[in-house]
Amino acid sequence: MSLRRPVRTVLISAASTLALLTASGLPHLAHAEAPAAAAQTPAPSAKPWAHEASDLAPDSRLRFGRMSNGMRYVIMRNATPPGLAAIRLHINAGSLNETDEQKGLAHFTEHMLFNGTENIPENEMLRILERLGLAFGADTNAGTSFDQTYYTLNLPRADEEVVSTSMRILREQMSRALMRTEDIDAERNVVVGEARSRDTPAFRNLKAQLALLAPNQKVGDRMPIGDLDVIRTAPAQRFIDFYRAYYRPERATMIVVGDFDPDFMEGQIRTAFEDWTNTHPDGAEPDLGKPEPRGTTASVLVEPGVDSSVSLYWIKDYEEKPDNRANRREATLRSLGFAVLNRRLGEMSRQDDPPFRGASGGASDFLKSFEATSLSASFNPGGLPRALQTLEQEKRRLVEFGVSQVELDREIANIRTALQNAVQAADTQQTGALAAGLLNHVNGDSIPTSPADDLALFEEVVASLDVAEINRLLTETLQGYGPLALVSTPVPIEGGEAGVVQVLEDSQRVPVTAREVAARQEWTYTDFGTPTVPVTTGQFNQVQATYYTFPNNVRLIVKPTDFTQNQILISLATGVGDLGLPKDSYSPLNIASNVFTAGGVGKLSADELSNVLTGRTYSVGFGAGEDQISMSGATRPQDLELQLQVMAAYFTDPALRPAPLERLKAAYPQILEQSRATVGGALSLEVPVILSQNDRRAGLPTVEEVQSFTADRIKADVVDALSAGPIDITIVGDVKPEDAIAVVGKTFGALPTRSALPQPAAGSDQRALPAPRAEPYRITHNGLPEQAGAAVYFKGTDNFGDRREARRVALMSEVLSLRVLEEIREKQALTYSPSVGSTSSSTYRDYGYIGIVAEVDTARVADFYAAVDKVIDSFAENPVTDDELARARTPMLERHRRSQANNAFWLGALNNLHRKPESEELIANFIPTIESFTAADIQDAARTYLQKDKTIRIDVLPAAR
């Protein structure tokens, strides 16, 4: 029995299916680096690099290589964050390579590669990596999709010990996996559990989508999770056959990005893999088939818990298009056209009485099986006819009248800004993101061009842009077999599929007219009063930040960093948030985040604001938290003043127009039903309320409460919440302190003087867990009868004072996670992915908890509780060892070190320092505090907190049908 396998996502949803069918925007913008290596003689069956037959050059920072056995590699030096490296090992095979008798074995084989090899015992593989600082799931992982399998290692250090050990483990997995019958049999229930947890309304919607788009094609019959009969019964030899056929050097590509000497890394790859051979026959390539010619066709999926949505598709035969300048030019023109369409659809969704809640369109090929153009919309119950008619007519409007130069100019400006920002940030892109982008390029046979080259190509395309050519391309793209209409609905619809076809046919007879383009307005939020300068300044030396106080009680913290060039993150906090609200009723303030930004500002709707600020980089977020009201933004140095102006406009003149609230009211019942349709969703709805003894601030409002809210009431609550207390602004990133001082002085520093922080409402700062009891709380979900969940919670501690105890509990929870995974997943196979964690409140004193949560088969809920008891007993029988502590602590510390090289970490860490200046030392001493704990300390924490007779247990069971 192995220790555990990584938590992985079988890539069957957004990234590899529906998103591909509806994606739009400039292609090939996941950048990485590239020096082309010296040409090498490929093995006879080695796969060529895409750039070898293209007029596009890869990024000059990349080093490409190919070994004599056919295995390829691409290496990139990148020092953000410093010292780290990311490995992605791509295998050119996925579920599409399976035979009918192998359905699910690509994914199952991926599991088995963590089950021991010839030279690494099954219980040691992940333990070795944990000792080096790789966290299970986060740093050690794998994934299987239709057309690829990949293995992920995020290395905390790129030194010889970590790199050579990681390469050795990967090599063992690729060529020396044991595939023992007893291990396969032990793993079957784990994979079955994974299949059970993934069988959600969204998954069933995806299956219905593929059934409509690809009948009698292989892609419609090869979901990566597989066939449960095959998973339960396939003999070991069938696994071995798949492994031998597809795990071979000529199908493998090693991707490594990080802070290392490329010569060193190339040597490590060659040392580990150059002698890899596979003498078994190469696996067959699949016959993907061709799409069936069809006219107007409809399919209706009635699935409780699914979002009400409709999609129109036009399908064509797949045409191979290599990645070159001509095809990128065409793709860019097409993406500009769809950007115009998507803006039109978005504006329609935000109008009063909209035809749908949201809509989008796009075109792409799907796994070389077919090409698809789609228009999709989500709608409220009863809104299908209008949504369907609007999509059909907007498609014809686009074909008949095209897009205008004014509309194109707006999209060109936005894409140009995004590309310019990418060029500015090129040298500080995150290592993990670069590795993920390279993996996509490798799998898609596309060329990782540099950000500078992408911008240059874009400018070349738009310099000779012809509106007529774009309109011609859009007309060609919006042709094909169809339209094929897929309707997903939680309740039956009148007329069924025939009714959908009739709506389409009736709509096609309605004439359409050209769209009017609204005149562009001006940005007028530039004057907020007399600018001021700080009256006091000082240093937070331990966190290398400077603070300033303006005369009106606006307080600013600035931390310049070089983590990401051209990025500035901003947070604003004021008021007391939930602490100013009653505990026994739901406040409209807590749903304001859903309507605040969408409501725009007094002089401009959200769409008007977007149009006015075309080509600028800014954003605004809003939230009502436990102890503050917050706003947030992200920008670049040249738009810093604009960013503060936009935030100040929302702060001083929020519109909170009725339309966003009306859209929320219409959608809210369906939102709750979608949550209730899965185990995890039901847990998220009710557990916070249970663990707070029915504190209404911790949960969501009822449908009736949302219906009773008005935009005026929400606006009054927001204005009141923003009116009192100092304004604390934190600015982190590529910023000069003098620039931050100037723009804050002209915006928030120019506002009237702020009051002191208000006092919390009586009793609002008190929260406690319910008393332990033997009887579990009962939650129901509306998913499948065999799906259930169970949770066990223990009282923890708060995060006040020196935080030492909270940190001890957090580290103990990491050790607990190791034991839970070993017992509950590996030994008993009760669940695919149990979750363990601790929460320590910095708002409510003496409030915190430790939780163990899992999705299980309905018949095995009691077994889960017994297994948890067994894990808790194990601490008395087998005290925490130094090795166990190291395997829990080292990844925890590496994760923290990695996060410190990120602007978002510092924004969150610093934004409360004016209120709690003592936190400065606590931010700085996290690592030494965690390092100070001994195995005895963690054993004592387990004895103190993990008491079986003082638990809160929660069942999540299927509702009666």
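Author: The largest share of the lining of the largest cavity, three residues, comes from helix 13 (residues 431-444). Helices are DSSP runs of H or I with at least four residues, strands are runs of E with at least two, and both are numbered from the N terminus. This is a predicted model, in which local features need pLDDT of at least 70 and side-chain atom pairs count only at pLDDT 80 or more, while totals for chains, interfaces and linings use all residues. Residues are numbered from 1 along each chain as its sequence is written, and side-chain values use heavy atoms, with hydrogens and water left out.

Reader: How many cavities of 30 Å³ or more are there, and which residues line the largest cavity?

Author: Rolling a probe the size of a water molecule over the atoms shows where empty space is left. Here a cavity is a set of points, on a 1 Å grid over the protein atoms alone, where a 1.4 Å probe fits but cannot get out; lining residues have an atom within 4 Å of a point. Grid points are joined across faces, edges and corners, and a volume is the space filled by probe spheres set on the points. The count is three cavities of 30 Å³ or more, and the largest holds about 100 Å³ of space. Its lining residues are W49, A50, H51, F64, R72, L438, H441, V442, D445, S446, I447 and P448. Seven of the lining residues are nonpolar, three polar and two charged (nonpolar: Ala, Val, Leu, Ile, Met, Phe, Trp, Tyr, Cys and Pro; charged: Asp, Glu, Lys and Arg; polar: the others, Gly among them).

Reader: Which way do the residues of strand 4 point?

Author: In a regular strand the side chains alternate between the two faces of the sheet. From strand 4 (residues 140-144), T140, A142 and T144 point one way and N141 and G143 the other way, and all are buried. Buried means under 20% relative accessible area, with exposed over 50% and partly exposed in between (1.4 Å probe, protein chains only).

Reader: What is the sense of the pairing between strand 4 and strand 5?

Author: Two strands pair if DSSP finds at least two bridges between them. Strand 4 and strand 5 (residues 149-155) are antiparallel, with five bridges, and T140 has L153 of strand 5 as its bridge partner. A hairpin of four residues joins the two strands. Strand 9 (residues 358-366) and strand 10 (residues 370-378) also run antiparallel, joined by nine bridges. Their hairpin has three residues between the strands, and L367 takes a positive phi near 50 degrees there.

Reader: How many aromatic pairs does the structure hold?

Author: A pair of aromatic rings is described by the distance of the centres and the angle of the planes. Rings of Phe, Tyr and Trp (its six-membered ring) pair if their centres lie within 6.5 Å; planes under 30 degrees apart count as stacked, over 60 as edge-to-face and the rest as tilted. The structure holds 20 such pairs. F273 and W276 form a tilted one, 6.0 Å centre to centre with 55 degrees between the planes. F273 is buried, at 0% relative accessibility, as is W276, at 1%. F596 and F622 are stacked, at 4.1 Å and 20 degrees. F596 lies in the loop between strand 15 (568-574) and helix 17 (606-612) and F622 in strand 16 (residues 621-624), so this pair ties together parts 26 residues apart in sequence.

Methods. On a 1 Å grid over the protein atoms alone, a cavity is a set of points where a 1.4 Å probe fits but cannot get out, and a pocket is an open set with protein on both sides within 12 Å along at least five of seven lines; lining residues have an atom within 4 Å of a point.
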